[in-house]
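The exercises below ask you to work from a single chain and its coordinates towards an account of how its parts meet. Each task sentence is followed by a solution that goes step by step.

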Amino acid sequence: MYSREDVELALLALGEGMSKREAAELVGCDEDTVRAWAAGRLPHSCRPRERYREGARRGPRREGAAMCAVFSQA
């Protein structure tokens, strides 16, 4: 499992022009993992906590990606 800081570091590295392979080496994970994060498939540590509400509808999965600190800083 990767922490929010690991995800943010990898995404910031990509934003600064590093390749996915370089960002993966920086964080210590697979290149495929960084590719998934860049596509918006983030781990639970970067997703918002949802309160259980009976009958509540869930929004699109990518909506959670905007809650990660990296995306909210832009």
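Helices are DSSP runs of H or I with at least four residues, numbered from the N terminus. The model is predicted, and local features were taken up at a pLDDT of at least 70.

**Exercise 1. Determine how many helices and strands the chain has, and in which order the elements run.**

Step 1. Assigning the elements gives four helices and zero strands.

Step 2. Read from the N terminus on, the order of the elements is therefore α-α-α-α under the DSSP-based numbering.

Step 3. As for how the chain is covered, 28% of its 74 residues are buried, while the accessible surface comes to about 5,800 Å², with 47% of that belonging to carbon and sulfur atoms.

Step 4. Among the contacts with a separation of 6 or more, 49% are made by residues 24 or more positions apart.

**Exercise 2. Identify the residues of the largest nonpolar core, and state which element gives the most to it.**

Step 5. For Leu14 and Ala38, the C-alpha atoms are 8.2 Å apart, although 24 residues separate the two in sequence.

**Exercise 3. Classify the aromatic pair of the structure: are its planes stacked or edge-to-face?**

Step 1. There is one aromatic pair to consider. Its members are Tyr2 and Trp37, with ring centres 5.4 Å apart and planes at 80 degrees.

Step 2. Planes over 60 degrees apart count as edge-to-face, so the pair of Tyr2 and Trp37 belongs to that class.

Step 3. The partners come from distant parts of the chain, 35 residues apart, since Tyr2 lies in the segment before α1 (4-15) and Trp37 in helix α3 (residues 31-38).

Step 4. Their accessibilities fall into separate classes: Tyr2, at a relative accessible area of 28%, is partly exposed, whereas Trp37, at 3%, counts as buried.

**Exercise 4. Work out which residues are linked in a network of salt bridges, and through which pairs.**

Step 1. Side chains of opposite charge can pair when their charged atoms come close. With a limit of 4 Å between nitrogen and carboxyl oxygen, the count comes to three salt bridges.

Step 2. Glu31 is bridged to Arg21, with the closest N and O atoms 3.6 Å apart. This pair links distant parts of the chain, as Glu31 belongs to helix α3 and Arg21 to helix α2, ten residues apart.

Step 3. Arg35 is bridged to Glu31 at 3.3 Å between the closest N and O atoms, and both residues lie in helix α3, four residues or about one turn apart.

Step 4. Arg35 also forms a salt bridge with Asp32, here with a closest N and O distance of 2.6 Å; because Arg35 and Asp32 are three residues apart in helix α3, about one helical turn separates them.

Step 5. Taken together, Arg21, Glu31, Asp32 and Arg35 are linked in a network. Within it, Arg21 at 52% and Asp32 at 57% relative accessibility are exposed, while Glu31 at 27% and Arg35 at 36% are partly exposed.

**Exercise 5. Find which residues make the nonpolar surface patch of about 240 Å².**

Step 1. Residues qualify with over 30% relative accessible area and no salt bridge. Leu9, in helix α1, is at 38% relative accessibility and so counts as partly exposed.

Step 2. The patch is made by Leu9 together with Met18 and Leu26.

Key:
Residues are numbered from 1 along each chain as its sequence is written. Side-chain values use heavy atoms; hydrogens and water are left out. Rings of Phe, Tyr and Trp (its six-membered ring) pair if their centres lie within 6.5 Å; planes under 30 degrees apart count as stacked, over 60 as edge-to-face and the rest as tilted. Helices (H or I, at least four residues) and strands (E, at least two) are DSSP runs, numbered from the N terminus. Buried means under 20% relative accessible area, exposed over 50%, partly exposed in between (1.4 Å probe, protein chains only). A nonpolar core is a set of buried Ala, Val, Leu, Ile, Met, Phe, Trp, Tyr and Cys residues joined through side-chain atoms within 4.5 Å. Contact means heavy atoms within 4.5 Å. Accessible areas come from the Shrake-Rupley method with a 1.4 Å probe; for residues, only the protein chains shown count as cover. Patches are made of residues with over 30% relative accessible area and no salt bridge: like charges are joined within 9 Å, nonpolar side chains (Val, Leu, Ile, Met, Phe, Trp, Tyr) within 5 Å. A salt bridge is a side-chain nitrogen of Lys or Arg within 4 Å of a carboxyl oxygen of Asp or Glu.
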